[in-house]
Amino acid sequence: MKIIKSLLVGASLALVASITQAASSGNTLASVDPEADRLAMQSFFQKRFPQVPLDDYVNGIYSLDAGSREQWEEIEEFPPYEFDIEEGEILFNTAFANGKSYAGCFANAGIGIRQNFPRWDESQGKIVTLELAINQCREANGEKKLGWKKGKIAQISAYMAYTSRDNVFDVQIPNDEAKAAYLDGKQSFYTRRGQLNMSCANCHIAGANILIRADLPGPTLGHVTHFPVFRSKWGELGTLQRRYGGCQKNVRGVPQKTQGEKFRNLEFFQTYMSNGLVVNGPGARK
Amino acid sequence: MRKSIIKHALLGLVLVGASTMTLASADQIAKGKALYLNKKAGNCIACHMIPDPDAKLPGNQGPPLVAMKARFPDPKVLRAQIWDPTVKNPTTIMPPFGKHWILSEDDIDAIVAYLYQY
Amino acid sequence: MKKTISLVAALMMISGVVAAHPFNEAFNEQRAMYGKGHSFTWDGQTYITDHPEEVAAAAEANAANATKLLASAKAKYAEVMAVDFGWTLTKNLLKSSNKALEAGDFRKSMNISAQAEYHSRMGIAQYHQSQTEWIMAVPE
């Protein structure tokens, strides 16, 4: 009886301890500190995988697992996304019916700017991802929107990432509204969804590089740098938000809306976490 | 209403008698094993190694399922762990198989019976 | 000083989380150990470890009851979708329930509706939990 009692006390103390440290750590607009979050994320992974240089996280799971890295490096010798980059370049440079083109919608004519997306757009009062900016550019020029997940939009995004390779991610949080969007994305990342009750963090922080049957989930640090990706399972190129929807379905949750506010904020948070790492998209994944 | 409560209570006694309280039947163990391996059912093998030669290439998100009787002398505690592991570990990756009705209660009993072989 | 404040906050959170649904916790604990149909005492009263949805599905199997349960399960699904926490299998359960209803298999339809409604209730609970519990998973 005494043992049970002290066990219970122990359990309740443990509960107090875990909640105490959480209660003071950034779940409100007043207390959230994105830079502290980013450094905590880096230090989490560096403590766990001390042999992996920070810069190498852009290679996802292949930075952690030597076995699959070898196969992947062979794939990258003749990259499966090469055709998509070429197609993307053609699409990017093809004039709209009104004679204008994508270059007119972006800073630096759209070359080498991937690292600045997603970005807080002051006039729209929301986070704009690169894919959203591509479609907004089309609509502003009287063209129809492209589908969000694959095909042309992924090819254009791939080309724009390709022209930005080795540029350092530099997502900015200029004001409290942007910070609120960041916090919303952060909450989404750690929120359990679906019948299987899993969050992004379950697999891509705590579960990173640990087998789920034959699959090794990648670390979230460096997760976004190589998107869009040519995924062998898809047999084609797809955007980051296509993968978001797939993940949510995998945990048996009805996926949230592609390029809706929740996913844009999630992408904003996730990309901010990878600030300081370089663009290396598009990439090839299993 | 009262009648139905009594009926439920009686039914309950019968069910408890037939589930984890008694020795598991070979059928129940076989069913538990099938659920353990089936990707669309328990899929326990995705995360747990078990020393059953048929359980090939397991994942390792969770601990190996060995010495189950020593670790869970009370099968009800093991059952509760499968039903909702977040009670003991709020940040676990393991799904709450009972609480979210991923498996039926009979399925969970069968898995407990199977795990208890190891 | 800081310690005292955070301890108070923690205690408030605990009481908020635990005291909000003490019966549900007792119910889940019993259901987790014993499965369906187990009786237990809570606060001086005897209860059975059957979900309310299962109790409703145990009513007489007829067209009226099956229709009522399916409508209720559909309404609950709309509710969980409104907070964006729906589960993927529920829609198919609703379809199967409808099919069984049309085929005159009322018992089957009622049982499937029970599961569908339960799923949606849990999705809504997951939504509410997500508002407070997510921070526990953030690496510090």
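Buried area is the accessible area, found with a 1.4 Å probe, that two parts lose on being put together, summed over both. The size of an interface is often given as this lost accessible area. The present report applies the term to a predicted model, in which local features need pLDDT of at least 70, side-chain atom pairs count only at pLDDT 80 or more, and totals for chains, interfaces and linings use all residues. Residues are numbered from 1 along each chain as its sequence is written, chains are lettered from A and ligands numbered from 1 in the order in which they are written, and side-chain values use heavy atoms, with hydrogens and water left out.

| Parts | Buried area | Share on carbon and sulfur atoms |
|---|---|---|
| Domain 1 and domain 2 of chain C | about 440 Å² | 52% |
| Chain B and chain C | about 2,000 Å² | 67% |
| Domain 1 and domain 2 of chain A | about 2,100 Å² | 64% |

Six residues of domain 1 of chain C and five residues of domain 2 of chain C take part in the contact, where contact means heavy atoms within 4.5 Å. One salt bridge is counted between these two domains. The term denotes a side-chain nitrogen of Lys or Arg within 4 Å of a carboxyl oxygen of Asp or Glu. Arg31(C) and Glu54(C) form a salt bridge through their side chains, with an N to O distance of 2.7 Å. On the side of domain 1 of chain C that touches domain 2 of chain C there are two nonpolar, one polar and three charged residues. In this classification Ala, Val, Leu, Ile, Met, Phe, Trp, Tyr, Cys and Pro are nonpolar, Asp, Glu, Lys and Arg are charged, and the others, Gly among them, are polar.

Arg31(C) also has a partner in chain B: a salt bridge joins Arg31(C) to Glu105(B), with the closest N and O atoms 2.8 Å apart. One salt bridge is counted between chain B and chain C. The contact between these chains draws on 19 residues from chain B and 23 residues from chain C. Six residue pairs across this interface are in polar contact, both residues being at pLDDT 80 or more. A polar contact is a pair of N or O atoms within 3.5 Å; within protein, one must be able to donate a hydrogen and the other to accept it, and residues adjacent in sequence count only if both atoms are side-chain atoms.

On the side of chain B that touches chain C, α1 (2-18) and α4 (75-83) of chain B are the elements that give two or more residues. Helices (H or I, at least four residues) and strands (E, at least two) are DSSP runs, numbered from the N terminus. The largest share of this side, eight residues, comes from α1(B). By class, the side of chain B that touches chain C has 10 nonpolar, five polar and four charged residues.

## The two domains of chain A

The assignment for chain A gives domain 1 (32-71 + 174-285) and domain 2 (82-162). Their C-alpha centres lie 22 Å apart. In this contact, 25 residues of domain 1 of chain A meet 24 residues of domain 2 of chain A. Leu237(A), Gln259(A) and Arg264(A) supply 26% of the area that domain 1 of chain A buries against domain 2 of chain A, more than any other three residues.

One salt bridge is found across this interface. Glu236(A) and Lys150(A) form a salt bridge, their closest N and O atoms being 3.8 Å apart. On the side of domain 1 of chain A that touches domain 2 of chain A, α7 (176-190), β4 (236-238), α9 and α10 of chain A each supply at least two residues. With five residues, α10(A) gives the most to this side.

## Local features of chain A

One disulfide, a pair of cysteine sulfur atoms within 2.5 Å, is counted over all chains. Cys105(A) and Cys137(A) form a disulfide with their sulfur atoms 2.1 Å apart. The torsion about their S-S bond is about 75 degrees, so the disulfide is right-handed. This pair links distant parts of the chain, 32 residues apart: Cys105(A) is in the loop between α4 (82-93) and β1 (119-121) of chain A, and Cys137(A) is in helix α5 (residues 130-140) of chain A.

Most residues other than glycine have a negative phi, and most peptide bonds are trans. The peptide bond from Phe117(A) to Pro118(A) is cis, with omega near -5 degrees; Pro118(A) lies in the loop between α4 and β1 of chain A. The bond from Phe227(A) to Pro228(A) is cis, with omega near -5 degrees. Gln259(A), a residue other than glycine, has a positive phi near 65 degrees, and is placed in the loop between α9 (240-250) and α10 (261-273) of chain A.

Conventions. Domains from an automatic or database assignment.
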